[in-house]
Amino acid sequence: VSEPTTITITGAGGQIGYALLFRIAAGDMLGADRPVRLRLLEIPQGMRAAEGAALELQDGAFPLLRGVELTDDPRIAFDGTSIALLVGARPRGPGMERGDLLAANAGIFGPQGAAIGAVAADDVRAVVVGNPANTNALIAAASAAPDVPAERFTALTRLDHNRAVGQLAAFLDVAPDEIADVIIWGNHSATQFPDVAHAVLSDGMPVAEAIAERLGGRDAATTWLDEVFLPRVAKRGAEIIEVRGSSSVASAANAAIDHVRDEQLGTHRGWTSAAVVSHGEYGVPEGLVCSLPVVSRGDGAGYRVIEGLEFDARGRRLFDASVAELAAERDAVRELGAV
Ligand code: NAX
């Protein structure tokens with residue numbers, strides 16, 4: 001059995017934290033042969049809830065769990081950590097403008113990035129879940145420089161990816177793992193572009209063709225993609241709030257686990273989606289944290305972008321609009337001096 005891996009979860013006293021902790025302790029993220037040590041970072045208001053979760057973790061008697069520590073100090077929380085799940089964020093309050101939201105979160109992700117740069121393990125990788133996730137990751141990466149390469153910071157769009165796969169699986173009446181190579185392009189926001197142009201079924205049939213076959217033609221398929229599939233995926237968060245009376249929690253935690261597991265242990269058939277630091281792929285301005293198709297070999301090198309895919313005019317337009325939103329967010333946090 002290997003040495004325990006140190007994992008830090010911020011916002012551990014919140015809803016997603018509560019759903020994440022038990023699955024990580026059970027071995028769902030790193031596998032049944034990897035013991036884990038958990039560090040829970042909270043602010044004072046969230047500390048009692050995190051303490052309660054820690055008591056319940058003890059009551060789980062998880063064979064892989066080698067310790068749980070709680071703190072409100074990022075320097076302690078990230079000390080020697082190899083995997084950081086940055087979940088805690090400042091939600092948009094009533095009357096809060098977008099600029100206020102970005103500023104409030106810069107005040108969280110700046111210091112956390114700096115602490116990761118100062119005290120985390122050499123192999124640290126961080127995924128940002130807390131919204132606005134892409135831009136929070138940009139801020140954390142900038143604040144961790146030069147001690148940690150920016151590429152170690154990613155943001156979660158796996159929930160959007162899984163939502164897209166889930167919609168297609170239900171519509172085509174196939175199992176989710178029969179669908180490969182769906183892509184979420186852009187920002188984790190309503191401007192995201194869920195793309196099926198490259199998606200295939202396990203028998204090799206393009207997903208777009210399977211949809212056309214169901215609906216009796218290509219035009220009907222395009223209409224379905226534009227008017228049903230795309231808005232359904234992009235606005236799924238709002239749908240969950242409306243139906244459940246509370247935001248996505250278990251599915252978000254599940255996606256965060258999928259993201260880290262695939263990054264650490266490798267992707268399987270085809271690619272997945274993750275928001276990664278751009279090096280100019282697909283014309284995305286360098287440095288933006290943008291959702292792209294990625295694979296991982298599970299060799300410690302993290303996610304690598306799949307390059308060379310083609311867009312049609314509609315796809316290019318949708319992707320460019322989401323990238324423009326990311327650039328505007330970056331400009332806003334630049335003005336604040338956060339990057
Ligand atoms: P909760 O409000 O239940 O929990 C957030 C927790 O973070 C609270 O306990 C709070 O005390 C803590 N916190 C706040 N500031 C902190 C700081 N500086 N350091 C440490 N902890 C801090 O929210 P929850 O439902 O768990 O959602 C967490 C975040 O995930 C939100 O920003 C939410 O918007 C975002 N989401 C992101 C998704 C994605 O796909 N990227 C999907 C789900 C979710 O909406």
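Helices (H or I, at least four residues) and strands (E, at least two) are DSSP runs here, numbered from the N terminus. Residue numbers start from 1 along each chain as its sequence is written. What you are looking at is a predicted model, in which local features need pLDDT of at least 70, side-chain atom pairs count only at pLDDT 80 or more, and totals for chains, interfaces and linings use all residues.

**Stop one: two cis prolines.** Select Pro146, which sits in the loop between H5 and strand E6 (153–155). Look at the peptide bond joining Ala145 and Pro146: it is cis, with omega about 0 degrees. Now jump to Pro132, in the loop between strand E5 (125–128) and helix H5 (133–144). The peptide bond from Asn131 to Pro132 is cis too, with omega near -10 degrees.

**Stop two: an annotated histidine.** Select His188. UniProt lists His188 under "active site" in an unreviewed entry; positions from UniProt are given in the numbering used here, feature names are shortened, and annotations may be inferred rather than shown by experiment. You'll find His188 in the loop between strand E8 (183–185) and strand E9 (193–195). Is His188 buried or exposed? His188 is buried, because 30 other C-beta atoms lie within 10 Å. (The cut-offs: buried means 20 or more other C-beta atoms within 10 Å of a residue's own, exposed means 12 or fewer, and partly exposed is in between, with C-beta atoms placed from the backbone.)

**Stop three: an annotated domain.** Color residues 157–333, which the unreviewed UniProt entry annotates as "domain: Lactate/malate dehydrogenase C-terminal". Over residues 157–333 the chain is 49% helix and 14% strand, and the end C-alpha atoms are 21 Å apart.

**Stop four: two positive phi angles.** Pick Ala61, in the loop between helix H2 (47–60) and strand E3 (65–71). Ala61 is not a glycine, yet its phi is positive, about 45 degrees. Ala61 counts as exposed, with 8 C-beta neighbours inside 10 Å. Then pick Asp173, in the loop between helix H6 (158–172) and strand E7 (179–180). Asp173 is not a glycine either, and has a positive phi of about 55 degrees.

**Stop five: a helix pair.** Show H1 (residues 15–25) and H10 (residues 250–265), whose axes come within 8 Å and cross at roughly 45 degrees. Axes are lines fitted to C-alpha atoms, for helices over the stretch in contact, and angles run from 0 to 180 degrees between N-to-C directions. H1 and H10 are therefore oblique to each other; under 35 degrees counts as roughly parallel, over 145 as roughly antiparallel, 65 to 115 as roughly perpendicular and the rest as oblique.
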